[in-house]
Amino acid sequence: MSENDNQKTVDVDAAFLKSRRGIIKVAEMGTLFVAFVCFAVASTPKYLTATLLEFLITLLLLLLYLLKLNKRITFLFWPIVDVFNSVFAAIYFLVLSLMVLISSSVTGALVGGAVSLISAGLLFVDSYTLFRNITFNKPRNETQNQSNK
């Protein structure tokens, strides 16, 4: 056996990045990163932590779909995990951004709050798009394939 036969290849789903869901995930990451930077400049650690955590969760979900790990790791139904994350994060960021916009007078925090509001909107759109594609009466592989569209 040659050395190339022993190496496992990783499938990259480049089409996912061009899909509606992929674009939404990348946009979420962009807005979360901008909000993170704004909160860092404004020295607001409580908002900074929440934004960084959701950025990392979104990054992990993006990598999960991009590297097709959702097809290898099948003990969780990933579309439902993604929907729950998106719904709870959207509600959390809606509340967080409204708190920042109402209570802060620091420019960086205000911009971070406004960008967090955009993130909340993107998270709501992501959860709606995902939930619309999930059907509970189909086999697991068919549903997971549909949720990547």
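Are Arg21 and Asp82 buried or exposed? Both residues are buried. Keep that pair in mind while the rest of the chain comes into view. Note first that this is a predicted model.

Start with the overall fold. The chain has seven helices and zero strands. Read from the N terminus, the order of elements is α-α-α-α-α-α-α. Of the 149 residues in the chain, 41% are buried. Now take the contacts between residues with a separation of 6 or more: 73% of them join residues 24 or more positions apart. The chain exposes about 8,500 Å². Carbon and sulfur atoms supply 70% of that area.

Residues 23–42 are 95% helix and 0% strand, and their end C-alpha atoms lie 29 Å apart. Residues 48–67 are also 95% helix and 0% strand. There, the end C-alpha atoms are 28 Å apart.

Now return to the charged residues. Side chains of opposite charge can pair when their charged atoms come close. The whole structure holds four salt bridges. One of them joins the side chains of Arg21 and Asp82, at 2.8 Å from N to O. This pair links distant parts of the chain, with Arg21 in helix H3 and Asp82 in helix H5, 61 residues apart.

Arg21 has another partner. Asp126 forms a salt bridge with Arg21, and the closest N and O atoms are 3.5 Å apart. Asp126 belongs to helix H6 (residues 107–133), whereas Arg21 sits in helix H3. The two are 105 residues apart. Both are buried.

Asp126 also meets Lys25. Their side chains form a salt bridge of 2.8 Å, N to O. Again distant parts of the chain are linked: Lys25 is in helix H3, Asp126 is in helix H6, and 101 residues separate them. Why does Lys25 count as buried? Its relative accessible area is 0%, and buried means under 20%. Asp126 is buried too, with a relative accessible area of 0%. Put together, Arg21, Lys25, Asp82 and Asp126 are linked in a network of salt bridges.

Arg21 has one more contact to inspect. Arg21 lies over the face of Tyr65, 4.8 Å from the ring centre.

That leads to the aromatic rings. A pair of aromatic rings is described by the distance of the centres and the angle of the planes. The structure holds five aromatic pairs. One of them is Phe33 with Phe55, a tilted pair with 6.1 Å from centre to centre and 50 degrees between the planes. Phe33 is in helix H3 (residues 20–41) and Phe55 is in helix H4 (residues 45–66), so this pair links distant parts of the chain, 22 residues apart. Phe33 is partly exposed, at 47% relative accessible area. Phe55 has 18% relative accessibility, so Phe55 counts as buried.

Phe84 and Phe88 form a stacked pair, because their planes meet at 15 degrees with the ring centres 6.1 Å apart. Both lie in helix H5 (residues 78–103). They are four residues apart, about one turn of the helix. Phe84 is partly exposed, with a relative accessible area of 49%. Phe88 is exposed, at 56%.

Notes: Residues are numbered from 1 along each chain as its sequence is written. This is a predicted model: local features need pLDDT of at least 70, side-chain atom pairs count only at pLDDT 80 or more; totals for chains, interfaces and linings use all residues. Side-chain values use heavy atoms; hydrogens and water are left out. Buried means under 20% relative accessible area, exposed over 50%, partly exposed in between (1.4 Å probe, protein chains only). Contact means heavy atoms within 4.5 Å. Accessible areas come from the Shrake-Rupley method with a 1.4 Å probe; for residues, only the protein chains shown count as cover. Rings of Phe, Tyr and Trp (its six-membered ring) pair if their centres lie within 6.5 Å; planes under 30 degrees apart count as stacked, over 60 as edge-to-face and the rest as tilted. A charge sits over a ring if NZ of Lys or CZ of Arg is within 6 Å of the ring centre and within 35 degrees of the ring normal.
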